[in-house]
Amino acid sequence: MAKVTIYTKPLCGYCTAAKHLLKSKGATWTEIDILDDEKLSEEMIQRSGGRLTTPQIFINNKHIGGFDDLSALDQAGKLDMLL
């Protein structure tokens with residue numbers, strides 16, 4: 001099983017959607033809440049190449065992007081191979 005990491009904030013609809021999609025694929029993940037932690041927020045921005053929005057998703061330490069990117073991978077039939 002792939003190592004999935006998701007940087008999130010509470011009440012983020014796209015974060016919830018990403019977790020729902022991953023759960024439907026049987027994936028497990030490590031969730032990092034960046035809301036009140038500037039250090040974790042800076043870590044996310046650095047790892048994601050400057051992206052400021054949540055979620056930011058990594059599979060096996062490879063940056064996937066946000067929910068739209070994750071969904072596009074699934075629609076293209078490529079998400080299952082990564083997981």
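1. Start with N60, which is found in the loop between β3 and β4 (62–65). The model is a predicted one. Phi of N60 is positive, near 50°, although the residue is not glycine. Most residues other than glycine have a negative phi. N60 has 47% relative accessibility, so it counts as partly exposed.

2. N61 lies in the loop between β3 and β4 too. Its phi is also positive, near 65°, and N61 is not a glycine either. Is N61 buried or exposed? N61 is exposed, because its relative accessible area is 54% and exposed means over 50%.

3. Look next at the loop between α2 and β3 (56–59), the place of P55. The peptide bond from T54 to P55 is cis, with omega near 0°. Most peptide bonds are trans.

4. G49 follows α2. The phi of G49 is positive, near 75°.

5. What caps the N-terminal end of α2? The cap is D37. A side-chain oxygen of D37 lies 3.1 Å from the backbone nitrogen of K39. D37 itself sits in the loop between β2 (30–33) and α2. Its relative accessibility is 30%, so D37 counts as partly exposed.

6. D37 also belongs to a negative surface patch.

Definitions and conventions: Residues numbered from 1 in each chain as written. Predicted model: local features only at pLDDT ≥ 70, side-chain atom pairs only at ≥ 80, totals over all residues. Heavy atoms only, no water. Patch = residues over 30% accessible without salt bridge, like charges linked within 9 Å, V, L, I, M, F, W, Y side chains within 5 Å. Areas by Shrake-Rupley, 256 points an atom, 1.4 Å probe, with all protein chains shown as cover. Salt bridge = Lys/Arg side-chain N within 4 Å of Asp/Glu carboxyl O. Lys, Arg positive; Asp, Glu negative; His and termini not counted. Charge placed at Lys NZ, Arg CZ, Asp CG, Glu CD. Helix = DSSP H or I, 4+ residues; strand = E, 2+ residues; numbered from the N terminus. Buried < 20%, exposed > 50% of the residue type's maximum accessible area, 1.4 Å probe, protein only. Polar contact = N/O pair within 3.5 Å; in protein donor to acceptor, adjacent residues only side chain to side chain.
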